[in-house]
Structures are given as structure tokens and as C-alpha cells.
Amino acid sequence: MVKRKLVLSFPENIVTKPITYKLVKEFNLEFNILRAEITPDMEGKMLIELRGDKVLIDRAIKYLTGTGVSVQEAAKDIIINKNQCIDCGVCTSICITQALIIDSKSFKLKFNKDKCILCELCLDCCPVSAIKVHM
Amino acid sequence: MAKTIEEINEKIKNGKVVVLNAEEIIDYAEKKGIKKTAKEVDVVTTATFGPMCSSGAFINFGHSDPPIKMTKVWLNDVPAYAGIAAVDVYVGATELSETEGLSYGGAYVIEDLISGKPVKLRATSHGTDCYPRREIETYITRDTINQAYLFNPRNAYQNYAVATNSSNRTIYTYMGKLLPNFGNATYCSAGQLSPLLNDPYYRAIGIGTRIFLAGSQGYVSWYGTQHNPGKERLPNGTPCGTAGTLAVIGNLKEMSPEYLKACTFHGYGVSIFIGIGIPIPVIDEEMVEFLKIKDEDIYTEIFDYSVQRRNRPSYGKVNYKQLKSGKIKIKGKFVQTGSISSYLKALEISNVLKKEIKNGKFYLTNYVAPIPLEEKYNTLDILSKEEL
């Protein structure tokens, strides 16, 4: 059993297809939708955590890619530029899962990727533009 | 027994000075007691590193040939005030770029100059017999210009408000991004390390006090604009919100980008993080009483920034220990908090200043004139001439 957090982007033409259902039925995967939204231009975006057999997850990703869904590892996406960051901590107030915290001993900003659900609320809150997302 | 600045400076000269930062003094005074602390410690270093919008720089470019009396000036497309003689300007930190809008402004020009980067200078004029040139476009750096000094009308606020948002939409303010329905709260003070919170009645800090200003040795030039010392205070002397302020001055050419950083608050505009460190001489036991202040002894008030009025509704007071814990309670609900000023950088500055004093590179000053303890705080009302 392994766990992987992925960002799925659904193009307009397949946004109505029951793709996640297939993940359960065909690949025997457990999934947890952490966030989902449909943007105004009708591209669907989903942050999903998959749990199951490693080989089956790989096959599921292949299946998803085949249907036109773009798949990205989620935790890789938020990047804190440590050279730019001044450790003020204003982003920690925005971070609902507390993936971003100010360490109480070192007073440094810490980013825990495992806790990040990629909500992107932090992106426009950094006064020195140290938070970026890689899409 | 009271110590004088001269005695402390003598100790600095002889390498015998005892310096602690405003965090270390807390435990020291707790363990050793007030009397012993006053005797043993000579200087306490305080510091802050936060966005200070009311900042800017005076610059003299030198004269071109033929010369120009600049009437409109742009630095990297950011307008600078040129209504002072021929080649003097003042570039304000929050002035926005005419080409890049909210993402570049005066603060970035200042940071670029300090970093030694080239800055495009463009100016126009009506032309005079003594200054015939009507326009100029050239590049300048820190090294090609004459005098350049930061002159910040309002820095180092003695405490500040906590901002939150009760409305149902996200708002973008100078206190950062505020999520709807009390989604978060932001604050902006170094708390127990902050200069004016450690000298609440301005016994040590006054006009003429030498300070650490963005890496240089600068000075307190005046009390700051909106200086409001009459704010309600706790018995320990600290005000429960915005009170005293300082106007500061320092040589831009000696500053470091480590301690001065341009910033943009999304949807609001440009500001500038300034690092300020102020040494406080431990002249007597009363001074120790003020210096041993800690986060839980300093209170500030929570305001609703979604109310677009001068007087915003208050949701009560909290202390800095609660704020730094990461959450506070507003109307019975837990709300996540975040600081806009960097405690880590403030701590770093207090330690740099400590080292400079210990190494005999920074001497303390007696102030030339005190900062007023009484000052009327006016508001701007819309009146006809007759109503004045």
C-alpha cells in the first residue's frame, strides 16, 4: 500500500466524465478528494490522494493521462524561495492546514509539503513574492 | 546608582561593555533581579524589521552638461518629487511605477540603488537661461550620484493593530491578505524586541539618537508623523496600539539590501521593509523595569479592516504571546494569526548591533532634544473655509 497526492487537471471536453469512479472500479484504489474546482474556462482541477497498490497507481496514472487528464505530483508544486523569504510568517495565517508555520524555536518559516493541499491561498499573500507554484 | 552615556561609552572603548538584546534581558532580570541587572548590564539592543510605508530617499544626481533644472523626474519609470532645486529629488517608497503598476515602485528603486544596480533616470524641464537643457535620459548607480540618504517620516511604530476581516469576501490591505469570515488575523510588531516598546516614555530614545538603520549608522531626526503618545497605556508603560513613532535618517550608500527590502502587498501596493536597531542604555533600575517587558505583557487591539471607515470596530485586546502562538480567539472562534514583521530578522539586527557595540564600532549618544510625551492627534475633516 502506498499513498500519493496528485493534482489532476481535466480539460473541458472530459470534465463531465466519471473518471474518478474508474479509479475505484478498475484499479481498486481508495481516494480522498482534498479539493476540487471548475475554473471559469471550464477546466476542472482536483487535488486527490490515492491509496493502493503501487503498480495499480502507476497504471491508473497511465489511464488518466490517456483520457486527457494531466497529472502532477502535488507536493512538488508549492515552492518557497528561501533566498527571497524574510521569515515574516504572514503566510502562516492563510495556510489552513498549517503546512506553513513559523518554528517556535528558530523563528524560521517551515514548509511541510505533506500537509499542503495545494489550495494556493498563500500565493498572493507573500509581500516579497517568495512563494511560487509550478504548474 | 545611575550610569551616564559617557561612562557606558568609556566601557565600549575599553572593551568592557556588557550588552544583551531585548530578549536576553528578560531572563537575566528574572534571575538576577532588577538591582543587580541595572548594575551589571550597560546596554540592551532592541530592533524591528517590518514594512514601513512612510519612507523615502533624498538624492542629488549632480549636474549634466549642459545642465538641467529638473521639474519632472522618473527613476525606472517611478515618479520622484523634483520641486526642490535643480537636481535634488525625493523618491517615496510607495510611489508606483507608471509602467509596471503595483509590482514596482519607489521602494524597489531604493533597494536597486542600495544593491548597486543601475537605475534609469529620466527628467524634463521648461529650460532656463542658466539651465538650458529640457530633457535628459541616462543611467545612475549608487556610485555615480552625490548625497543619497533615507529620510523616513514615520518608522518604528510603538505597537500596531491586529487586522481581521468579518465580511464575506477576501480583502487586500496593507496588513496583508485577509480571508473572509475571520479567516485569519495579521499583526505587525516585534513585540518584546521592539524599540519604543522597551522605552515606552522615551527616556533614552530622542532626537539625535544614533541607531542602526538598514545596515548603516543613522539617527533619529525627529519624532515621526502621526506620533500619538497619548494612547491608553498599561501600568508597565506600553501603549495598547499605535502610539509613538520616529522619523529617521541615514546614508543610503552605507546600507545593505540584507536590512532593507522592497515589497508588494497584492492588491494594495508597494512598501518597504526597513531594519531598525536601537541601543538602550541601562542608566538606572527604572530602565530595567521597562526593558524586561515580554510578549505577554504587551497588548494590542483587534480591528475589523472590512469596515471602510476611519474608526473600525474593535474585537478586543490580545497580547503578543497569544498572537505568536499562531491563533487567537475572536468572537468565540479560533482564528489563525501571522506576523507581517519578521521577528527572526529583528533578532538578527539586535545581535548585529550588540556585536558592533561590543567591538567598539558603535557608540551611544545622549539625545539632543526629547520626543514629546504630549501631542494632539488630528483627523482630516471635510470643511468649508467658514467652518474651520
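A residue is buried if 20 or more other C-beta atoms lie within 10 Å of its own, exposed if 12 or fewer do, and partly exposed in between, with the C-beta atoms placed from the backbone. By that count B:R233, which has 17 C-beta neighbours inside 10 Å, is partly exposed.

The structure is a predicted model, in which local features need pLDDT of at least 70 and side-chain atom pairs count only at pLDDT 80 or more, while totals for chains, interfaces and linings use all residues. Residues are numbered from 1 along each chain as its sequence is written, and chains are lettered from A and ligands numbered from 1 in the order in which they are written.

**Chain A**

Chain A has 135 residues, of which 29% count as buried. Its C-alpha atoms fill a box of roughly 50 × 35 × 20 Å along the principal axes. The secondary structure consists of 2 helices and 8 strands; here helices (H or I, at least four residues) and strands (E, at least two) are DSSP runs, numbered from the N terminus. Read from the N terminus, the order of elements is β-α-β-β-α-β-β-β-β-β.

Two residues are in contact if their C-beta atoms, placed from the backbone, lie within 7 Å. Of the contacts in chain A between residues at least 6 apart in sequence, 64% join residues at least 24 apart.

Confidence is given by pLDDT, the predictor's confidence in each residue, from 0 to 100. The mean for chain A is 86, and 92% of its residues reach 70 or more.

**Where the chains meet**

Chain A gives 16 residues to the contact and chain B gives 25 residues. The side of chain A that touches chain B has 10 nonpolar, 3 polar and 3 charged residues. In this grouping Ala, Val, Leu, Ile, Met, Phe, Trp, Tyr, Cys and Pro count as nonpolar, Asp, Glu, Lys and Arg as charged, and the others, Gly among them, as polar.

**Strand β18 of chain B**

Two strands pair if DSSP finds at least two bridges between them. Strand β18 (residues 246–251) of chain B pairs in the antiparallel sense with strand β11 (residues 148–155) of chain B over 5 bridges. Strand β17 (residues 216–223) of chain B also pairs with β18(B) in the antiparallel sense, over 4 bridges. Within β18(B), B:L246 stands opposite B:N155, and B:I249 is the bridge partner of B:Y219.

The loop between β17 and β18 of chain B holds B:R233. Apart from neighbours within four places in sequence, B:R233 is in contact with B:P200, B:T238 and B:P239. The C-alpha atom of B:R233 is separated by 26 Å from that of B:V335, 102 residues away along the chain.

**Backbone details in loops**

| Residue | Phi | Loop | C-beta atoms within 10 Å |
|---|---|---|---|
| B:A85 | about 55 degrees | between β5 (78–84) and β6 (88–92) of chain B | 10, exposed |

Chain B also has a cis peptide bond, from B:D65 to B:P66, with omega near -10 degrees. B:P66 is in the loop between β3 (56–60) and β4 (72–75) of chain B.
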